[in-house]
Amino acid sequence: YSLEMSRTEALSQGFRRSIGVRIKEETEIIEGEVVEIQIDKPASGSGEKRGKLTLKTTEMETIYDLGAKMIEGLQKEKVQAGDVITIDKASGKISKLGRSFTRARDYDAMGSSTKFVQCPEGELQKRKEVVHTVSLHEMDVINSRAQGFLALFAGDTGEIKPEIREQIDQKVSEWREEGKAEIVPGVLFIDEVHMLDVECYSYLNRALESPMAPVLVF
């Protein structure tokens, strides 16, 4: 704790750092094996790059137009023909899953560390469940600061208003009821126990009654 933060606030932040929330959400992705990447250079020598990406599954093949951002993402991941990739439609993030088994003959050239995967089946566009795990404290900070996510990197977060925590707890409860999230209680170690006063012990007694409370070790 500090002059800007009471002991109970420091304990509260410690508690909520120790409680994880596993959030499940569905996102739309494009998943397939790369057949061909064609990048067109601007005729003038300067300007935005354009191109085409051909993807396939075991049942279909489609050509997608590429903008500069997607081309940059493909080059960053060093994607080439024969790779199996996923593209998050919302963010445009490209992830390389591995080389297709149809390119198994490339094993000697690629090296033993190369991961081979099956060519995806069905439609190229599909919905996939994504899981994120964050702590209650991280959610508190993001929702209590004007700079949002960047506040996590600012160091001392100061005191967080009780109303913010109530809103977060209510939202997490709703997600749990809907099956979108689950609580992952952690372990909180408290050192220098002799510095705790009656108010701190009273807070701890109340906090430990919560079904979301972490394991407490003195």
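Predicted model: local features only at pLDDT ≥ 70, side-chain atom pairs only at ≥ 80, totals over all residues.
## A walk through the charged pairs and a nonpolar patch

V215 sits in strand β10, which covers residues 215–217. Together with V187 and F189, V215 forms a nonpolar patch on the surface, and the accessible area of the three is about 310 Å².

Now let us turn to charge. Side chains of opposite charge can pair when their charged atoms come close. The count here comes to 15 salt bridges.

One of them joins K24 to E182, with the closest N and O atoms 3.7 Å apart. This pair links distant parts of the chain: K24 belongs to strand β1 (residues 19–40) and E182 to strand β8 (residues 181–185), 158 residues apart. K24 is partly exposed at 28% relative accessibility, and E182 is partly exposed at 31%.

Next, find R99 and D83, whose closest N and O atoms are 3.0 Å apart in a salt bridge. R99 lies in strand β5 (residues 94–100) and D83 in strand β4 (residues 83–88), so the pair ties together parts 16 residues apart in sequence. R99 counts as buried, at 4% relative accessibility, and D83 counts as buried too, at 2%.

K171 is partly exposed at 36%, and E174 is partly exposed at 30%. Elsewhere, salt bridges with shared partners join E9, R16, D140, R165 and D169 into one network.

Definitions and conventions
Residues numbered from 1 in each chain as written. Heavy atoms only, no water. Patch = residues over 30% accessible without salt bridge, like charges linked within 9 Å, V, L, I, M, F, W, Y side chains within 5 Å. Areas by Shrake-Rupley, 256 points an atom, 1.4 Å probe, with all protein chains shown as cover. Salt bridge = Lys/Arg side-chain N within 4 Å of Asp/Glu carboxyl O. Helix = DSSP H or I, 4+ residues; strand = E, 2+ residues; numbered from the N terminus. Buried < 20%, exposed > 50% of the residue type's maximum accessible area, 1.4 Å probe, protein only.
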